[in-house]
Structure formats: structure tokens, C-alpha cells
Amino acid sequence: MDNLALAAPFFCSGAVLGILFIQEPEASGRLYAANLAGSALGCLLALLSPSLLGGEGTVLLSGLLSGLAALFLGGSRLQRGAALFAIALYLAGLLFPPPFLEVRLSPYKGLSYARQFPDATTTFRRWNGFSRVDRVRSSAIRSLPGLSYTYLSPLPPQQGLFVDGDDLSVVLELDPALLEEQPLPSTLDFTSYLPTAIAYRLHRGGQALVLEPRGGLELWVALAQGAAEVTAVEANPLIVEAAGGIYRHPRVRVVMEDARSFVRRTSERYDVVTLALSAPYRPIQSGAYSLAEDYHNTVEALGDYLARLQPGGVLAVSRWLQMPPSEELRTFALALTAVERAGGEPARQMVAFRGYAMLTLLVKAEPFTPAELDAIRRFAAERAWDLVYAPDMRPEEANRYNLLREPVYYQTFRSLLEAEDRPAWYAAYPFEVSPPEDDRPFFGHFFKWSQFREVVAEAGRRMEPFGGAGYLVLLLLLLLSLGAAGAIVLLPLLFRRGRRPAGPPAEGGRPPAFLSTLAYFGLLGLGYLLVEIPLVQQFILFLGHPAYALTAVLFALLLFSGLGSALSSCLPLRPALALLILVLVLYPLLLPALFSLTLGWPLVGRILLSVFVLSPAGMLMGVPFPAGLRRLEQQAPYRIPWAWGVNGAASVVAAVLAALLSLSFGFRWVLFSGAFGYAGAFLAAGQGRGFPPRGGSP
């Protein structure tokens with residue numbers, strides 16, 4: 001029922017547009033232009049309205065806009081009265097929000113669990129254009145990831161910070177002034193029992209960079225363990241506001257920007273760079289997060305972090321332990337590859353140690369010294385942590401405290417490091433653990449087709465054994481979307497079978513060829529989404545946040561597609577398609593160089609440049625659809641709603657197909673696939689008698 005409720009607005013809006021195209025086919029260019037321009041403005045509203053109105057208010061605003069559209073559409077007095085009544089209800093809801101409209105979270109979210117405790121109280125809740133942030137006080141919240149079990153003193157009081165109802169991080173209820181006391185009070189002793197403390201002990205009094213610190217735990221560790229100054233890079237301003245005190249400490253400099261964007265833009269260097277662990281433990285067997293892009297954990301990202309180190313500096317990265325090794329092994333593979341690409345010696349520049357549930361990896365831009373290795377050994381031994389890899393490590397050091405039947409982590413890490421044919425090693429390993437790159441930034445994707453039989457055999461019995469659920473669900477969605485698209489394409493034709501087509505005949509008395517019409521509008525639907533989705537991904541690093549990239553790319557493509565639609569009657573179709581294909585092929589080749597040259601620009605400048613760069617493709621992408629509708633209006637008007645449906649159905653298939661292609665081949669090939677889609681439309685435009693036109697104006 002929930003899915004049907006969500007689908008209802010889209011079904012109705014699609015029906016309205018289809019009816020308008022049928023009633024006013026000669027104005028298809030202007031109608032399509034108005035629709036796309038409105039969608040472009042909607043992108044801006046989607047980013048701005050949650051900050052002003054909250055999530056509930058944004059939903060009401062959408063209903064209000066629909067009511068205004070119904071009012072302008074006209075109709076009978078009764079229909080206009082109903083539209084006015086709906087507008088009044090939405091306005092009343094915006095001014096006096098009723099409690100029953102509150103957005104209800106899934107009961108399986110971490111925030112839902114936290115609020116079930118009797119003493120749980122929400123102390124902060126805010127929305128912005130890309131998140132909802134909650135802070136909860138409860139006696140049940142105790143979370144210091146990686147804390148050694150040799151720490152036996154009481155834990156500091158904490159609150160829980162949740163982003164979008166999940167991903168718990170802690171906000172310590174301590175006074176930041178404690179950090180200025182000498183000696184430090186015992187309430188801060190816990191910081192020396194967290195794994196990243198060793199990085200600051202190796203560089204006391206140094207400059208630290210903490211990426212994505214969320215609730216601020218790593219800021220407490222850095223300052224308590226001797227960092228002179230800490231630069232905290234956090235992309236979400238609501239997190240900084242909710243976490244409070246530690247971000248306002250005089251030795252903390254806050255940069256509200258995406259971590260990758262900052263490390264690429266800045267020229268500063270640091271003694272310690274810490275990539276904070278902001279995600280809770282998630283068994284990879286579930287496969288739930290295999291489709292999530294993660295640009296903070298790619299080979300290029302690790303290379304960027306290492307480039308920001310001072311001589312002798314240390315990069316610290318922590319990940320959860322999985323069995324068999326997977327998440328932590330992929331992190332090791334990332335660092336290994338990044339060090340090799342920088343011309344280093346991975347065997348001498350990496351150290352890894354593990355506790356009960358977490359592994360911490362230390363990486364340098366040059367070899368570790370004997371004194372540093374001795375300090376790390378003592379630090380780990382005092383806290384009952386096991387070495388997993390060190391340049392001078394002996395096999396008997398691998399399994400001393402957190403005992404396993406076999407030292408599997410040590411054996412696997414050493415095997416990977418010593419592999420002569422690393423691609424073959426990755427291919428033979430039961431999980432997909434090869435290091436992700438920016439073109440395929442799916443850190444949580446561990447599925448291999450060799451796991452398929454076991455995944456299917458265990459389906460419904462226990463959690464899927466190899467994390468294949470996410471990928472297989474995507475395949476199932478593709479099959480479902482293909483089935484639904486086929487029904488949308490074929491059922492209208494079956495209902496019209498035997499009926500005489502309305503409208504004037506085509507040249508020679510024949511309507512446009514069925515296959516050329518199907519191919520033309522279907523490929524346009526495929527092409528648009530297969531271009532749009534990878535472009536959004538490519539602009540994430542440039543603009544510094546997925547929300548900014550999504551807004552800028554969609555705004556530019558939709559706005560200029562609307563302009564192209566308005567001008568479509570003046571532009572020759574096939575030359576426009578040929579030029580569009582050329583632009584799309586050039587984007588993957590030219591955009592990286594452009595981004596490197598302009599990454600230091602202010603955000604506003606980068607957004608304006610993005611819109612400018614995308615405007616040619618957007619305008620050309622707006623030409624083919626209304627051009628095809630006008631030709632259908634001349635020769636087979638009864639097929640206009642069918643063509644609109646074919647285009648929309650193909651877009652749904654393209655959204656799922658883009659995810660599968662990006663997982664398998666990378667975003668660059670998704671964009672090339674979009675170009676191939678438009679190339680197919682170009683060929684279809686020259687097929688059949690009269691549709692679409694062979695050249696010149698449609």
C-alpha cells in the first residue's frame with residue numbers, strides 16, 4: 001500500500017501531461033519546455049525547502065503546487081472550487097502543521113530503536129536539503145567504537161547523533177574546557193584506549209586533519225592525545241550544529257565541505273590525517289549497502305589523503321572486522337594500490353592491528369622507522385590488540401589476544417601483499433575486494449557471480465552468505481521494470497487492435513512504422529537517464545556534495561532541455577542528435593581536466609561553471625522528443641500517448657540499468673551507453689516512411 005501511495009502522484013502527473021500532449025499536439029514543444037523548466041525549478045526547491053519547511057512542509061508544498069496547477073488548468077466551477085479547497089488545506093497545513101503529518105521513520109532505523117527506551121528524549125532535530133539530523137539523550141546510548149576492553153573505568157556521558165534516522169555517532173557530554181587542563185583529567189583517559197590515539201602519540205604537538213568527524217569523537221581523541229590544532233572537515237552544517245561544543249573549541253578549525261573536495265583543493269599538509277569511522281557495523285552478508293557510492297574510500301581518495309601528509313606524517317583509517325576478511329581487506333587493498341601508484345613501497349609503509357571488532361590501518365608516504373614500529377607494538381600490546389601486518393612482523397605475533405582458530409587476517413593480508421599476479425588473486429578470492437576507483441566507487445559491493453548458487457540456496461533460510469542480495473535485487477528490479485515496460489508498450493496496442501486509427505494517414509496511406517516509432521521514443525527515454533545519472537556522479541567530487549551535484553546537474557539538464565524543446569521546431573533533428581552524441585563522447589575525456597583546473601574556485605563559481613558546461617548537452621537533449629511528437633501528430637496522432645508511455649517506461653528501465661552498468665563497468669561506460677542510446681535514436685530517425693524525418697526540420 002505504501003508503494004501504491006507513493007506511485008499515485010507520479011501516475012496522475014504523467015496522465016495529465018499525456019492528456020495535454022493529446023489535446024495540444026501542435027504545442028508539444030512549448031508544453032514539454034514548460035514541464036522541463038518547472039522540473040528544473042523543482043530541483044532548486046527540493047534543495048531549499050526542507051531547510052525552511054522541514055520534510056513534512058516540503059510534502060505539503062508539493063501538494064500546494066499541484067493544487068495551483070489544477071486551478072490554472074481551468075475546468076468547471078466545481079473543479080476550480082475543489083482546487084481552491086485543496087490549496088486552502090495545504091496552506092493551513094504549512095501554517096499550522098498537524099501532528100499526524102509527521103514523517104514516520106522505519107521501525108528498523110537506529111533512531112527508532114533508540115527512541116524506544118523509556119528515558120529517551122530528542123534534544124535536536126533539523127532538516128536541510130539533503131538530510132535530517134537528530135540528537136537523542138538516553139541512558140542506553142553507549143558507543144565508543146574500537147575501545148579496548150582493557151579500559152575498565154566508567155564511560156563518559158553521551159548522546160546519540162543520527163543522520164536520516166541511522167548511522168549512530170556519539171556526542172560526548174563533556175566540557176571542551178577539560179582539554180586545556182594540565183594534566184588532563186581522568187575523564188579523558190578513554191581517548192588513549194581508542195585505536196587512532198597512536199597516530200597522535202607518534203606526532204605530539206602536530207597538525208591534524210580529521211575527515212567527516214560526525215559527532216566529534218575523533219576530535220576529542222586528537223586534542224586529548226596531543227594535537228596542537230585540528231582541522232575538522234564536515235560537509236553537513238547540521239551535524240556541526242548538533243554536535244555542539246567540541247566543534248567550537250579554540251584549537252578546532254571547522255571546514256564545512258566534502259572531504260574529497262577539501263583535500264584536493266587545499267595545499268596544507270598535516271602530521272596526522274584521520275578518516276573517521278562514521279558508519280555503524282553492517283554485516284556485508286546482507287548486501288544492503290552494496291549499491292551506495294562512497295567517494296571517500298577509493299584509490300584516488302587514499303592517494304589524495306597521503307598527498308596531504310607532512311614528511312613522516314601518518315594516515316589512520318579504521319574499519320569493522322568481518323569474517324571472512326572483506327571490508328578491512330578492501331581497505332588494505334586500497335592503501336596498497338594508492339602507495340604503489342605514488343611510487344612507494346607498500347610492504348614498508350603500512351601497519352595494521354585489530355581489536356575485538358575493528359581493524360586500524362596506519363599508512364605513511366615513506367617507510368616506518370624502527371622507533372615508530374616499536375611504539376606501535378607497545379601501544380597495541382598494552383591494549384590487547386593484535387598486529388595484523390607490520391614490515392618487521394613475525395608470524396607468532398599475529399594471534400595473541402583476540403584468539404582465532406587461524407590467524408586469518410594476517411594470512412590474508414600477507415598473501416595479498418606478496419601476490420605476484422594481484423588481479424588473479426582478486427579473481428580467486430571469494431569476495432569482490434579489488435580496490436574501488438572513482439569511476440566505480442562502490443566500497444560495499446562484494447558480490448561475485450561465483451556466489452550465485454550459494455546465495456540462492458540460502459535464500460529465506462538465513463542472511464545471504466556473500467552479500468549478493470543487493471546486486472540480485474537490482475537484477476530482479478530490472479526484470480520487473482522490463483515486464484512493466486513491456487506491458488505499457490504492448491497493452492495499448494492490443495486494445496486498439498482492429499480499430500481504425502484516428503487522424504490523417506501518412507504519406508502513401510501508411511502510418512509511421514511501428515518498430516521505428518518504438519525504437520525512437522524508447523531509446524530517447526533510455527538515453528536521457530543513462531546520461532543524467534553518470535553526470536551527477538562525475539560532478540559530486542567537483543561540487544563537494546551529492547546534493548549540490550544532483551541539484552546543479554538536474555537543474556542544468558532540465559532547464560536547457562526545456563529551452564531545446566522550445567526551439568525544437570527551428571532545429572534540424574538529425575544534425576542535433578549527431579552533435580549531441582559528439583558532446584556526450586567528449587565529456588568523459590574533457591571533464592577531468594576541467595575539474596583539475598578549476599577545483600580551487602569558490603563553490604558558487606564551480607556551480608555556475610557546471611551549469612555552463614552542461615548547457616549544450618541539455619539543450620540538444622530537449623530537441624528529439626517534441627520533434628517526434630509533432631511528426632506523430634501529422635501522421636498518427638493516436639500514437640502520441642503511446643509514445644509518451646514508451647518514453648517514460650524506458651526511463652524507468654534506464655534508471656535500474658544505469659545502476660547495474662555502473663556496478664559492473666563504471667560510470668564512464670554508463671555515459672557512453674547513453675550516447676549509444678542517442679545514436680540508436682539517430683538511426684531510427686532515418687528509418688520508416690516519414691517518421692521520424694530523414695533530415696532537416698521535423
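This is a predicted model: local features need pLDDT of at least 70, side-chain atom pairs count only at pLDDT 80 or more; totals for chains, interfaces and linings use all residues.
I call a charge "over a ring" if NZ of Lys or CZ of Arg is within 6 Å of the ring centre and within 35 degrees of the ring normal.

Residues are numbered from 1 along each chain as its sequence is written, and side-chain values use heavy atoms, with hydrogens and water left out.

**Charges over rings.** I looked up R383 and found its charged end over the ring of Y193, 5.1 Å from the centre. R383 also makes a salt bridge (a side-chain nitrogen of Lys or Arg within 4 Å of a carboxyl oxygen of Asp or Glu) with E382, with the closest N and O atoms 3.1 Å apart. R383 has 5% relative accessibility, so it counts as buried (under 20% relative accessible area; exposed is over 50%, partly exposed in between, with a 1.4 Å probe and protein chains only). E382 is at 51% and therefore exposed. I also noted R574 over the face of F682, 4.1 Å from the ring centre.

**Salt bridges.** I get 25 of them by this rule. R125 bridges to E102, with the closest N and O atoms 3.2 Å apart. That pair links distant parts of the chain: R125 is in strand 1, E102 in the loop between helix 3 (77–95) and helix 4 (110–114), 23 residues apart. Helices (H or I, at least four residues) and strands (E, at least two) are DSSP runs, numbered from the N terminus. Next I checked R394 and E397, which meet at 3.9 Å, N to O. R394 is partly exposed at 41%, while E397 is buried at 6%.

**Aromatic pairs.** Rings of Phe, Tyr and Trp (its six-membered ring) pair if their centres lie within 6.5 Å; planes under 30 degrees apart are stacked, over 60 edge-to-face, the rest tilted. The count is 19 pairs. Why is the pair Y429 and F431 tilted? Its planes stand at 40 degrees, with the ring centres 6.4 Å apart, so it is classed as tilted. Y429 and F431 are both buried. W669 and F672 are edge-to-face, at 5.3 Å centre to centre and 70 degrees between the planes. I find both in helix 23 (residues 667–684), 3 residues apart, about one turn of the helix. W669 is partly exposed at 46%, whereas F672 is buried at 14%. I also logged a cluster of W425, Y426, Y429, F431 and F446, linked by ring pairs.
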